[in-house]
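This report looks at side-chain contacts in one protein model. Please keep the structure in view while reading.

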Amino acid sequence: MATKDSSSAADTAGTKLFTRAEVAERNSNTETWIIIHNKVYNVTAFLNEHPGGEEVLLEQAGKDATEAFEDVGHSTDARNMMKPYKVGKLVEADRTQDEKKNKEWSNDGSSGDNSSGSWRSWLIPVALGVLATLVYRYFINAH
C-alpha cells in the first residue's frame, strides 16, 4: 500500500499520477481528495467554500465523484474553479472508460461527448417552462 507522501509516478508531461488506492487514503476533513473525470483534486481548502456545503465533498472523499458531479450539472464557472485544486491524474490502469475513449471533459471546459453541465443549465428550465405552459393551456381550454 502506498504511503500518503508518495505518488505513483509522473506522465511524460510531468503530471503526477495516482492510483485509486492512494486517493482513497485521503478521505477525511483534514485531507480530502476526489476523482472527477480521471483527474485527482485536493479539495481540502475548498471544503468551507463549497456552495453545497462541505458534507457533499466529504461524502465523496477518496472516491470517484464524477457521476455525482455531473448529476448536479455544475456550471462552466464551477468547472473553472476546480483548476487550482487539480493535483494530478489517475494512473492509466485505474482510469475509467471515459478517458480511454477520449471523451473526457478537458480543462478548457469542452467535452468530447458534450457531457458538460452547461447545456443542462438552460435546457431543463426551458423544458419545464414548456411543460407548465402546456398544462396551463390544457386546463384553461378544458373548462
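The sections below cover aromatic pairs and salt bridges in this predicted model.

## Aromatic pairs

The count of aromatic pairs comes to 3. One of them joins Phe 18 and Trp 33, whose ring centres are 5.0 Å apart with 85° between the planes, an edge-to-face arrangement. This pair links distant parts of the chain: Phe 18 belongs to strand β2 (residues 16-18) and Trp 33 to strand β3 (residues 33-36), 15 residues apart. Both Phe 18 and Trp 33 are buried. Trp 33 has a further neighbour in Arg 26, which lies over the face of the ring at 4.0 Å from its centre.

Another pair is formed by Tyr 138 and Phe 139. Their planes stand at 75° and their centres are 5.3 Å apart; planes over 60 degrees apart count as edge-to-face, so this pair falls in that class. Tyr 138 is exposed, at 56% relative accessible area, while Phe 139 is partly exposed, at 46%.

## Salt bridges

There are 4 salt bridges in the count. Among them is the one between Asp 64 and Arg 20, with the closest N and O atoms 3.3 Å apart. Asp 64 sits in the loop between α2 (54-60) and α3 (66-72), and Arg 20 in helix α1 (residues 20-24), 44 residues apart. Asp 64 is partly exposed at 28%, and Arg 20 is partly exposed at 26%.

Glu 70 and Arg 79 form a salt bridge with a closest N to O distance of 2.8 Å, and both residues are buried. In the salt bridge of Arg 95 with Glu 92, the corresponding distance is 3.0 Å. Here Arg 95 is buried, with a relative accessible area of 12%, whereas Glu 92 is partly exposed, with 48%.

Key. Residues numbered from 1 in each chain as written. Predicted model: local features only at pLDDT ≥ 70, side-chain atom pairs only at ≥ 80, totals over all residues. Heavy atoms only, no water. Phe/Tyr/Trp six-rings, centres within 6.5 Å; stacked < 30°, edge-to-face > 60°. Helix = DSSP H or I, 4+ residues; strand = E, 2+ residues; numbered from the N terminus. Buried < 20%, exposed > 50% of the residue type's maximum accessible area, 1.4 Å probe, protein only. Lys NZ or Arg CZ within 6 Å of the ring centre and 35° of its normal. Salt bridge = Lys/Arg side-chain N within 4 Å of Asp/Glu carboxyl O.
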